[in-house]
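Look at the structure first, then read the points below.

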Amino acid sequence: MCIQTFRQYTCGCKKNEEYKQCAERLGTNVICTPVERVALDPSAHMCRNHMVKQGKDEMRRIVPRR
Ligand SMILES: [Zn+2]
Ligand SMILES: [Zn+2]
């Protein structure tokens, strides 16, 4: 069965990653249904959609100025 890998982010989102065709489908445009879904190592970060934009809601760090 073909494999769709996905990664789980700390915000709870799952994002599809690499898609691997199985040997029988290799070189064709056919995919198995259903595909096997395999979780990769969960990310330690949030996904892009949940990253805050710089200068807006970013967490303030106190950086000593020289
Ligand atoms: Zn397959
Ligand atoms: Zn997210």
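Two strands count as paired if DSSP finds at least two bridges between them. In this predicted model, Gln4 stands opposite Arg37 in strand 3. The protein has 0 helices and 3 strands, and along the sequence the pattern reads β-β-β.

- The 3 strands make an open sheet in the order 2-1-3, and the pairing is mixed.
- Strand 2 (14-20) and strand 3 (36-39) are the edge strands, each of which pairs on one side only.
- From one strand to the next, the twist averages 30°.
- Strands of a sheet pair through backbone hydrogen bonds, in either a parallel or an antiparallel way.

**Strand 1 and strand 3**
- Strand 1 covers residues 3-8 and is joined to strand 3 by 4 bridges.
- These two strands run parallel.

**Strand 1 and strand 2**
- Strand 1 also pairs with strand 2, in the antiparallel sense, over 5 bridges.
- On this side, Gln4 stands opposite Tyr19 in strand 2.
- The two strands form a hairpin, with 5 residues between them.
- Gly12 lies in the turn of this hairpin and has a positive phi of about 100°.

**The whole protein**
- What share of the 66 residues in the protein is buried? Buried residues make up 0%.
- Of the contacts with a separation of 6 or more, 60% are between residues 24 or more positions apart.

Technical notes
Residues are numbered from 1 along each chain as its sequence is written. Chains are lettered from A and ligands numbered from 1 in the order in which they are written. This is a predicted model: local features need pLDDT of at least 70, side-chain atom pairs count only at pLDDT 80 or more; totals for chains, interfaces and linings use all residues. Axes are lines fitted to C-alpha atoms, for helices over the stretch in contact, and angles run from 0 to 180 degrees between N-to-C directions. A residue is buried if 20 or more other C-beta atoms lie within 10 Å of its own, exposed if 12 or fewer, and partly exposed in between; C-beta atoms are placed from the backbone. Two residues are in contact if their C-beta atoms, placed from the backbone, lie within 7 Å.
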